[in-house]
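Biologist: I am new to this structure and would like to learn how to read it. Could you take me through some features?

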Amino acid sequence: MSSQIKIVLGVLLVATFVMILNETVMGVALPSLMEQFSITAATVQWLTTGFMLTMAVVIPMTGLILQRFTTRTVFLAAIGLFTAGTLLAGVATVFPMLVAARVIQASGTAVMLPLLMTTVMTFVPAERRGRTMGFITIVIAVAPAIGPTFSGFILNNLTWRWMFLAVLPIAVLALVLGGVLIKNLGETRPVKLDLLSALLSAVAFGGLIYGLSSFGESAAGNHTPVPPYVAVGVGAASLALFVFRQLRLQRDDAALMDLRPFKSRSFTVGIIMLLVSMATLFGSLILLPIYLQNVLDLDTLETGLVVLPGGLAMGLSGPFVGRIFDRVGPRPLVIPGSLVLAGALGLMTMLDQDSAVWFVVVIHVMLSLGLSSLMTPLMTSSLGALPMELYSHGSAIMSTLQQVAGAAGTAVFITLMTTGATASIESGATDVTAQADGIHLAFLCGTGMALVAAAAAFLVKKADAPAGDAAPAH
């Protein structure tokens, strides 16, 4: 790779890491913000719901955005929006101002990950993609994992504003470096925006993610403005119409999200496994802090420190997994990785109020290593099976469905936990025991999901690069 490509990838990686880290920092801060702004739990949830909804609306359009605008333009717009949103959040004086800031942040974050993946697939030689995608695994999986640690440290020592002000200098630095160092890569082409497709996409993915997130809140006893089943129903119906329209438009190469990547068996199998992995990751990310704080009685900082080793293990193993993938392909990594993931979730069903903290750390590290062995090979082999002209659409599909899978995993795990805890309380158990019983049920379901993924792992094959897929020389 040329030095120019390495510089672009370096800046993109740092910027994307900071932006996705910011996606999960709000979880442990919500109680403090409820007190600060004198609002209810249902209201404060809009800080996370609004972020996810914005991501759901913007990401499906990134396939078109990446074809129509230059690398430099897209990067500067994305990091510029994120920086502006971060500054606004840091100085917010009223709650609606903070929600608006999160929406602005999400608008930039949504574009950055597809931009990063498309850049890698287009300009990195096929024999080096695995190790490069290994660094992207750090961004996708490690940033959310260490988000609670970062916010726990901030909240234990400073005010909630520093969750934003602390990352603001890094965002500004990325903006300046990008403006100076990033040049235009590749070529653009005039692609028209189909407004009906954009509207259907927003309602479809926004409805699904909002509805799935609301199922978790509703199960926990919180009121939701729109009933979850209504949001999911509207989202599903809009998705069917969206798919029908894309199939018609892609005949003229005019689709907002071209669905031809699904004609590739390698892409489809990889996406299915990746969705299970993301659902498991986000489901466990939300359950473990609840278990550690409500069952083991740890504070926010201690909770963050417990999950930190797993995040670090995933980050350190990502590039090594990528190098192994470049040599041997996906199957020798995906099959054992899926079995390790299922084993870790099986061990999590053993957690109760008497479990040792070190046991939780070991299981979480095991879970993280299993996910690391899955995500890099699945992302690389899935996109690598596509012709170059479909990279941007493949990246948009992958990023969009990851958001849906994260929301679905969270909804399923929280709903099962609440159902199990309620049944346990009705049978006479204490609150702590009931919480542990609910978490046991959720992780039992997660184990079943992981076993399905393990069976699907045997279908993963090393895809031959499509004709004309060689990376451009630079």
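Modeller: Here is a short tour of aromatic rings, salt bridges and a surface patch.

Modeller: This is a predicted model, so local features need pLDDT of at least 70 and side-chain atom pairs count only at pLDDT 80 or more, while totals for chains, interfaces and linings use all residues. Residues are numbered from 1 along each chain as its sequence is written, and side-chain values use heavy atoms, with hydrogens and water left out.

Biologist: Let's start with the rings. How many aromatic pairs does a search of the whole structure find?

Modeller: A pair of aromatic rings is described by the distance of the centres and the angle of the planes. Rings of Phe, Tyr and Trp (its six-membered ring) pair if their centres lie within 6.5 Å; planes under 30 degrees apart are stacked, over 60 edge-to-face, and the rest tilted. Searching the whole structure gives 7 aromatic pairs. One of them joins Trp-160 and Phe-164, edge-to-face at 6.4 Å between centres and 85 degrees between planes. Both Trp-160 and Phe-164 are buried (buried is under 20% relative accessible area, exposed over 50%, partly exposed in between, with a 1.4 Å probe and protein chains only). Trp-160 and Phe-164 also belong to one aromatic cluster with Phe-37 and Phe-95.

Biologist: Why is the pair of Phe-413 and Phe-443 called edge-to-face?

Modeller: Because the planes of Phe-413 and Phe-443 stand at 85 degrees, with the ring centres 6.2 Å apart. This pair links distant parts of the chain, 30 residues apart: Phe-413 is in helix α17 (residues 391-426) and Phe-443 in helix α18 (residues 431-457). Helices here are DSSP runs of H or I with at least four residues, and strands are runs of E with at least two, numbered from the N terminus. Phe-413 is buried at a relative accessible area of 0%, and Phe-443 is buried with 0% too.

Biologist: Now the charges. Which side chain meets Arg-245 in a salt bridge?

Modeller: Side chains of opposite charge can pair when their charged atoms come close. A salt bridge puts a side-chain nitrogen of Lys or Arg within 4 Å of a carboxyl oxygen of Asp or Glu, and the count comes to 2. Arg-245 meets Asp-194 at 2.7 Å, N to O. The partners are 51 residues apart, with Arg-245 in helix α12 and Asp-194 in the loop between α10 (168-181) and α11. Arg-245 is partly exposed at 24% relative accessibility, whereas Asp-194 is buried at 16%. Arg-260 and Asp-258 also form a salt bridge, at 2.5 Å, N to O. There, Arg-260 is partly exposed at 29% and Asp-258 is buried at 2%.

Biologist: Which residues make the nonpolar surface patch?

Modeller: A patch takes residues with over 30% relative accessible area and no salt bridge, joining like charges within 9 Å and nonpolar side chains (Val, Leu, Ile, Met, Phe, Trp, Tyr) within 5 Å. This nonpolar patch, of about 680 Å², is made by Leu-196, Leu-199, Val-203, Phe-215, Val-226, Tyr-229, Val-230 and Val-234. Two or more residues each come from α11 (195-219) and α12 (228-249), and α11 has the largest share, 4 residues. Val-226 sits in the loop between α11 and α12, partly exposed at 36% relative accessibility.

Biologist: Is Ser-238 buried or exposed?

Modeller: Ser-238 is buried, at 9% relative accessible area, and lies in helix α12.

Notes
Areas by Shrake-Rupley, 256 points an atom, 1.4 Å probe, with all protein chains shown as cover.
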